[in-house]
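Subject: Structure for your review

Dear colleague,

Please find below the structure that I am handing over to you.

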Amino acid sequence: MDRLFEKIRGNRFVVFGRAGMDLFAQDVGVKSEDAEVFQADLGGSSANTCVGLSKLGSISALVTSVSNDAVGRFCINRLKHYGVSTDYIRSIDGEFRTSLAVYESRTEDFQNVLYRNGAADFQVTEADVDQVDYTRFDVALGAGTVFASEPSRSATLKAFANAKAAGLPIVFDIDYRPYSWPSPEVASDVLTRAAEASDVIVGNDEEFDFMAGGAGKGLAMAGHLATAGKLAIYKMGPDGALTFWSGERIRTGVYPTNAIKPVGAGDSFLSGLLASLAAGHDLESAILRGSACAAITVSRAGCAPAMPTTEDLDAFLRDHPFPTQP
């Protein structure tokens with residue numbers, strides 16, 4: 001485990017997953033069908049995590065495919081704007097399209113309309129991941145959505161193997177999205193394989209339950225993964241998180257905030273956790289800093305633009321020194 005933290009402190013992350021365009025209603029509280037003005041920015045779970053890392057002072061690179069059109073180029077431009085390396089992003093022709101999410105800044109009756117038919121990010125190939133120079137990085141990250149379809153499923157499993165061979169630990173965000181998968185059975189099998197190949201597994205209670213095969217079984221699965229020498233973080237929403245590592249259980253609370261939307265929290269938590277570990281914070285402090293990042297992100301419009309900088313995070317923690325007691 002000491003080696004894991006030593007590698008994370010290298011602070012260079014290669015991330016496998018998707019980038020997309022977000023359109024969100026500009027006015028807080030307005031439903032999408034009633035909105036007159038939408039703001040566009042970067043979205044997609046892995047792209048958001050890259051942005052969160054970059055804003056917190058880490059080096060991040062995204063490995064994905066985008067459509068060779070205005071939307072794909074928009075995503076590449078926004079990644080560059082946020083300081084994320086786009087060296088390993090391939091633009092593809094044909095009918096594949098970069099994903100689009102249309103949502104609103106509201107928590108009651110929240111709507112998120114996703115367009116992912118023929119998604120370009122599922123077209124990442126083994127040749128794409130073989131071109132990555134893994135010696136440039138210290139840690140590899142993957143989000144569950146990337147495993148939902150071929151060829152990106154096999155490609156990302158190959159990327160995990162490549163990263164392992166290069167001495168990089170693997171961080172896996174379960175990120176289960178049922179609409180992306182051909183069946184729950186396939187999803188459970190593939191996500192479990194990805195978790196077993198990883199060194200750090202992060203997910204919420206429902207995601208761990210799903211991988212474990214039923215409601216109430218996920219907590220035991222997180223503990224089981226930890227007995228195999230892995231770091232497992234079991235998130236429970238407003239009830240905080242339970243972290244298993246090296247024979248210990250760390251229970252942490254959350255930071256209450258005035259949320260204006262429910263999306264982006266998980267991506268911000270992960271980037272805050274990893275960037276804080278890279279900066280030398282102990283595990284419990286890093287988890288709490290990740291929770292603070294999530295609280296900041298849900299209180300702002302959008303996902304990538306809502307991710308905090310280090311200055312934002314430190315200011316938030318000065319104003320909110322005490323998380324809830326778990």
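This is a predicted model: local features need pLDDT of at least 70, side-chain atom pairs count only at pLDDT 80 or more; totals for chains, interfaces and linings use all residues.

The nine-stranded sheet

Nine strands make up an open sheet with mixed pairing, and their order is β5-β4-β1-β8-β9-β10-β11-β12-β13. At its edges lie β5 (85–92) and β13 (248–252), each of which pairs on one side only. From one strand to the next, the twist averages 15°.

Within this order, β11 (residues 231–235) and β12 (residues 241–245) are paired in the antiparallel sense over four bridges. In this pair, I233 is found opposite T243 of β12. Helix α10 (residues 283–298) packs on the sheet, where it touches β11, β12 and β13. The direction of α10 makes about 35° with that of β13. Another helix, α2, lies across β1 (12–16), β4 (59–67) and β8, and runs at about 155° to β4.

The four-stranded sheet

Four strands form an open sheet in the order β3-β2-β6-β7, again with mixed pairing. The edge strands here are β3 (38–43) and β7 (112–115), and each pairs on one side only. Direction ignored, neighbouring strands of this sheet are turned by 20° against each other on average.

Strand β2 (residues 20–25) runs antiparallel to β3, and six bridges join the two. G20 stands opposite G43, a residue of β3. Helix α3 (residues 70–81) packs on this sheet and touches β2 and β3; the direction of α3 makes about 70° with that of β3.

The cavity

Rolling a probe the size of a water molecule over the atoms shows where empty space is left. A search of the whole structure finds one cavity of 30 Å³ or more. The volume of the largest cavity is about 50 Å³.

Which residues line the largest cavity? They are V15, S46, T49, L141, G142, A143, V171, F172, D173 and L270. By type, the lining divides into six nonpolar residues, three polar and one charged. At least two lining residues are supplied by each of α2 (45–55), β8 (139–143) and β9 (170–173).

With kind regards

Terms used
Residues are numbered from 1 along each chain as its sequence is written. Side-chain values use heavy atoms; hydrogens and water are left out. On a 1 Å grid over the protein atoms alone, a cavity is a set of points where a 1.4 Å probe fits but cannot get out, and a pocket is an open set with protein on both sides within 12 Å along at least five of seven lines; lining residues have an atom within 4 Å of a point. Grid points are joined across faces, edges and corners, and a volume is the space filled by probe spheres set on the points. Ala, Val, Leu, Ile, Met, Phe, Trp, Tyr, Cys and Pro count as nonpolar, Asp, Glu, Lys and Arg as charged, and the others, Gly among them, as polar. Two strands pair if DSSP finds at least two bridges between them. Axes are lines fitted to C-alpha atoms, for helices over the stretch in contact, and angles run from 0 to 180 degrees between N-to-C directions. Contact means heavy atoms within 4.5 Å.
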